Structures are given as structure tokens and as C-alpha cells.
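Subject: Structure handover

Hello,

Here is the structure for you to look through. My notes on what was found follow below it.

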Amino acid sequence: MSNHLPALTVVGSINLDLIATAQRLPTAGETIGDAVLSEQPGGKGANQAAAAARLGGSARMIGAVGSDSHGRRMLDALASAGVDTDDVAVLPQPTGTALIVVDRDGENQIVVCPGANSHLSLKGVEFAPDEAVLCQLEVGLPVVLEAARRSSGFFVLNAAPAMNLPAELLERCDLVIVNESEYALIPALASAKLVAVTYGGDGSAMFEHGRKVAEAPSASVQVANTIGAGDAFCAALVLALQQGLDYARALAVANAVGGDAVGDPSSQPELARLGNYIERTAATTGVQ
């Protein structure tokens, strides 16, 4: 590790994404032909760490992969994005895999086989006093709660996939990030201290104890793949807030990053530096 503290440490999932792109999503019992198969590095945790690194933050990944060829490939992908992978455990279980069907409009269905992600442990992992930590819920809830307890810096939870959250975990979150449907599925978020909600094409908003305190419109984009877009948004929002931007401006920057991600077919898309998005949104928000 360099002497610089990581701008963002991500605790979370690392998956191989097997993506079938079809004209439409199948219904129960239906077989659809003429799909195109692709394999990509994925997992919400890995996607967020890769996005943070590409945006120019120093990013550290805490997760687990299998001691198989997929695991090596996922580690190589993270390293090539600029992510510090020293704290990624290599375990006997298979590397996590997500089976994804995407239709021509970018809508998707996903089945996750967690594999090594289910065996992630924080044993031996240290968090610096002022380190920002970002978690999601594709690893065990006890691991996320332990990360929240041990983190004394800015602790962020991307509460996806949606599930009931222990009161202690919510109390320890400085920020929770969800999409519109997750916000509806987790009633306790209505009273949480700070929640960012994404609304797809309708932008995003920030709520303090259920009261909307900021919002920002989304950029209009051609949708290629929505899988990594929310993850890019999460990384960008945390980095923007760490830069000291106010809520509305940070949301606008994160929306711009998410918009670029939606237009890229990869789950871990190439992104510009965060400063580029800050400059880009200055014109639209009228704030220098």
C-alpha cells in the first residue's frame, strides 16, 4: 500500500457475469433463441471498486474469489482498473457467478450463485480512522454489520439487493444508497439519517429522515446495459461527497457517471476522471 489512505474501500461481492443478450426476457417455462453470450467481470462490490479507481480515487477491494481461472480473471480485471486487491481472499469455493439475461431495452433478469462471496471474512483486515467504506448486500449481512462496526470513517451502504436491515446497521450508516424499488421495499429507510434514491431516467434525490433535501435530473442517454450503472453511481456519489460537494451537486455528478455507464455494454465500464464530471455538471447546475 502507498502512504496515501484509500479514497474508498469497498467490501463486497466479486462475480463472473455470464450475460445472454436477447430480444426480450423469457417468461416462466419459455425458451428463447438467438441470444448472444458474453462473459464479463462483475459483482456489485467489484463494479463499485473498479468505478472508483477509474474515476481517479484510490480504491481498495475487500472480497473473496475462488482458486480457479475465473477468480484469477476477476483479480486481473480489478488490478487493470487500478484497484488494490491485496485484501481479496482466494478461497477453495468457486468464484461467484451471476447468470444474466438482458433484453434489447437494457432490462435484465439476474440469478446470483455467490460461491466464495458467502465465505468472506474480515479477519486481519484493518480500516484506517478516516477511511470511507462502501458495502452492498451481495455478501453476508454479518460481514456488512461487522464492517459497519469497525469503520470509524464515512460508512456507506448500497442496500441492494433489498432486504430487511438490522436497526444497528442503519444507525451506523452515514449514507444509504438505493434505487426507487429498493427504497419502497425497505420501509425503515424512510427514517434513516441520509438516503440517496435513484429513479433511473428521472434522476436522483437525497432524503434526510424521510425529507427530500436535494435532487438532480439525469442525463438523457442511449441504454446499452444497466447492470453496472447503479454501481458506478454509488462510487461517484461517495467520491463526490468526499470531495466536499453539496448534495445536489454530488447527485448531479453521480447521475452523469451513471449515464455514461448505462451507455457502455460493460458491467465495469471505462469512465472519465471525477473532475471531468464535476466540470461537465457545472454548466447544467450553474454552480462552479
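Predicted model: local features only at pLDDT ≥ 70, side-chain atom pairs only at ≥ 80, totals over all residues.

Residues are numbered from 1 along each chain as its sequence is written, and side-chain values use heavy atoms, with hydrogens and water left out.

The whole chain

The protein chain has eight helices and 14 strands; these are DSSP runs numbered from the N terminus, with helices being H or I of at least four residues and strands E of at least two. Its radius of gyration is 18 Å, close to the 19 Å from the globule rule for 288 residues, so the chain is as compact as a globular protein of that length. That radius is taken over C-alpha atoms, and the rule is 2.2 Å times the number of residues to the power 0.38. Of the 288 residues, 51% count as buried (under 20% relative accessible area, with exposed over 50% and partly exposed in between; 1.4 Å probe, protein chains only).

Leu175

Leu175 lies in strand β11, residues 175–179. Because its relative accessibility is 0%, Leu175 counts as buried. Leu175 and Phe154 are 21 residues apart in sequence and 8.1 Å apart in space, C-alpha to C-alpha.

The annotated site

An unreviewed UniProt entry annotates Asn179, Thr198, Tyr199, Gly200, Gly201, Asp202, Gly203, Gly230, Asp231 and Asn255 as "binding site". UniProt positions are in the numbering used here, feature names are shortened, and annotations may be inferred rather than shown by experiment. From this set, the lining of the largest pocket includes Asn179, Tyr199, Asp231 and Asn255. On a 1 Å grid over the protein atoms alone, a pocket is an open set of points with protein on both sides within 12 Å along at least five of seven lines, and lining residues have an atom within 4 Å of a point.

Asp231 is in helix α6, residues 229–242, and counts as buried at 1% relative accessibility. A polar contact of 3.1 Å joins its side chain to that of Gln48 (a pair of N or O atoms within 3.5 Å; within protein, one must be able to donate a hydrogen and the other to accept it, and residues adjacent in sequence count only if both atoms are side-chain atoms).

Asn255 is in helix α7, residues 247–262, and is buried at 9% relative accessibility.

Regards

Definitions and conventions:
1 Å grid on protein atoms, 1.4 Å probe; cavity = no way out; pocket = protein on both sides within 12 Å on 5 of 7 lines; lining within 4 Å.
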